[in-house]
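Please open the model in your viewer and keep the selection panel at hand. The tour goes from one selection to the next.

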Amino acid sequence: MSDTMSPVIIYDGSCGFCRAAVRFLMPRLALAGVVQPWQGADLTAYGLTEDQARARMWFVQGDQCHGGAAAFAAWARTGNAGARAAGRLLSLPGITRMAAGAYWIVARNRHRIPGPWEHTCTL
């Protein structure tokens with residue numbers, strides 16, 4: 001994969017919250033990339049294991065591979081002006097720690113987050 005290729009965003013396709021977030025954010029923030037559930041991805045092609053893919057989302061572009069909050073920040077930097085600003089903010093020293101903590105809390109509890117996605121999102 002070369003650096004000029006579109007990024008690939010690998011996420012949990014069995015998570016209703018994750019599917020809804022991708023579907024909501026991608027068009028509104030003009031995020032670039034190919035979104036792919038890890039369940040159907042060739043993880044070894046991206047240098048990932050199933051355990052890594054189960055644990056967090058991934059942003060892969062060329063030789064860049066970011067997981068969790070860093071993946072979201074990198075993906076945001078591909079979007080519109082507001083998304084790029086948020087991505088830069090999430091990458092600042094100190095804020096990266098807070099973003100990682102918030103991501104960890106959401107990732108650990110995503111199956112408990114109530115919302116309409118349980119009924120409206122399908123793969």
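In what follows, Ala, Val, Leu, Ile, Met, Phe, Trp, Tyr, Cys and Pro count as nonpolar, Asp, Glu, Lys and Arg count as charged, and the others, Gly among them, count as polar. Keep in mind throughout that this is a predicted model.

Begin with the second largest pocket, which holds about 200 Å³ of space, and select its lining: Ala55, Arg56, Gly67, Gly68, Ala69, Ala70, Ala100, Tyr103, Trp104, Ala107 and Arg108. By class these residues divide into 7 nonpolar, 2 polar and 2 charged. Helices α3 and α5 each supply at least two residues of this lining, and α5 gives the most, with 5 residues.

Go on to the largest pocket, where about 430 Å³ of space lies. It is lined by 21 residues, of which Phe17, Met57, Phe72, Tyr103 and Val106 are the closest to its centre. Colouring by element, you will find that α1 (16-29), α2 (50-55), α3 (69-76) and α5 (95-109) each give two or more residues to this lining, with α1 giving the most, 5 residues. The lining has 17 nonpolar and 4 charged residues, and no polar ones.

Next select Val8, which lies in strand β1 (residues 8-11) and counts as buried because its relative accessible area, 7%, is under 20%.

Finish with the cysteines Cys15, buried at 7% relative accessibility, and Cys18, buried at 15%. With a cut-off of 2.5 Å between cysteine sulfur atoms, the count of disulfides in the model comes to 0.

Notes. Residues are numbered from 1 along each chain as its sequence is written. This is a predicted model: local features need pLDDT of at least 70, side-chain atom pairs count only at pLDDT 80 or more; totals for chains, interfaces and linings use all residues. Side-chain values use heavy atoms; hydrogens and water are left out. Helices (H or I, at least four residues) and strands (E, at least two) are DSSP runs, numbered from the N terminus. Buried means under 20% relative accessible area, exposed over 50%, partly exposed in between (1.4 Å probe, protein chains only). On a 1 Å grid over the protein atoms alone, a cavity is a set of points where a 1.4 Å probe fits but cannot get out, and a pocket is an open set with protein on both sides within 12 Å along at least five of seven lines; lining residues have an atom within 4 Å of a point. Grid points are joined across faces, edges and corners, and a volume is the space filled by probe spheres set on the points.
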